[in-house]
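Here is a short briefing on one protein chain. Look at the structure first, then read on.

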Amino acid sequence: MITFKEEVDLKNHTLILPAVAVGNVGQLTVDLIISSLQLRRIGLFSNSSFIPVVGTDPYDENSQEICTSADLYHSSDKKVVVLQIRSPVIRKLSQFYNELKNFIKYHQISKVVLLTSSYSHEIRDVQLKTVRLRYIASTNLPAENTTEFNNLNWIQLEPKVVDYVDTEGVLQIPGGGFAKCIFQALEKDEIPCAVLLKFCSEGDNIPDAIDLLNYLNQWLLILSNNDDNSLAIKYPSSWKFLFGNSPPSEIY
């Protein structure tokens, strides 16, 4: 069930959402988008597919707002609506997907962008010679988008050959969470969508999130640049404790 705080016009917007995946790169990237653009929280997505979570506002220490396991954020200027997912899947995604699909169609959202990551140890030899970023585009994504991908020299995720009979290979995103199944469901229902991903390992995945945000911004151009041409990124206040509190001085 989706609960809105206010009425918003989402027609022709881009929906961005993360998959809970290796290193939480998609979620960290969405955190950066929300914080950097100062997006407004417009509602929440209550669904039993995810572990219920509640906490203080992760983007404003002085706010009285709360966050849940799935919150919606919005920018009318950038024409983006962002669904931040903060907990892992515990049930089948069919109910979540049906509600997501109805939300997309009812509000006439133009396209969906899934942000995820994949195990770096699954990289094949041919992929070692290129950047560790890939995309997957649905067949009904507007031609101007796929043309732009080519102009940006983006690389489509290579299919993986699983046996000697199937020479074309199959789509696999090891460690990518629900990105593949949601992408395939959206494509089947003729909803334009794309997956952007970064190969990575568990650890400090902030650099991976910044790389993925840069990758996304090459396409959507939602963030501006600083004077030194770097992306104008603002870290969420909650990231101060991303790896826990500082160790107590008494241990030394």
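Which residues do ring pairs link into a cluster? Ring pairs join Tyr135, Phe149, Trp154, Tyr215 and Trp219 into a cluster. Rings of Phe, Tyr and Trp (its six-membered ring) pair if their centres lie within 6.5 Å.

This is a predicted model: local features need pLDDT of at least 70, side-chain atom pairs count only at pLDDT 80 or more, and totals for chains, interfaces and linings use all residues. Residues are numbered from 1 along each chain as its sequence is written, and side-chain values use heavy atoms, leaving out hydrogens and water.

**Aromatic rings**
- The whole structure holds 13 aromatic pairs.
- Phe149 and Trp154 form a stacked pair, 4.9 Å centre to centre with 10° between the planes.
- Stacked means planes under 30 degrees apart; over 60 is edge-to-face, and the rest are tilted.
- Phe149 and Trp154 are both buried, that is, under 20% relative accessible area with a 1.4 Å probe, protein chains only.

**Fold and contacts**
- The protein chain has 5 helices and 10 strands (DSSP runs: H or I, at least four residues, for helices; E, at least two, for strands).
- Of its 252 residues, 48% count as buried.
- Residues 24 or more positions apart supply 76% of the contacts with a separation of 6 or more; a contact means heavy atoms within 4.5 Å.

**Charge**
- The protein chain carries 22 positive and 29 negative side chains.
- Lys and Arg count as positive, Asp and Glu as negative; His and the chain ends are not counted.

Methods:
Buried < 20%, exposed > 50% of the residue type's maximum accessible area, 1.4 Å probe, protein only. Charge placed at Lys NZ, Arg CZ, Asp CG, Glu CD.
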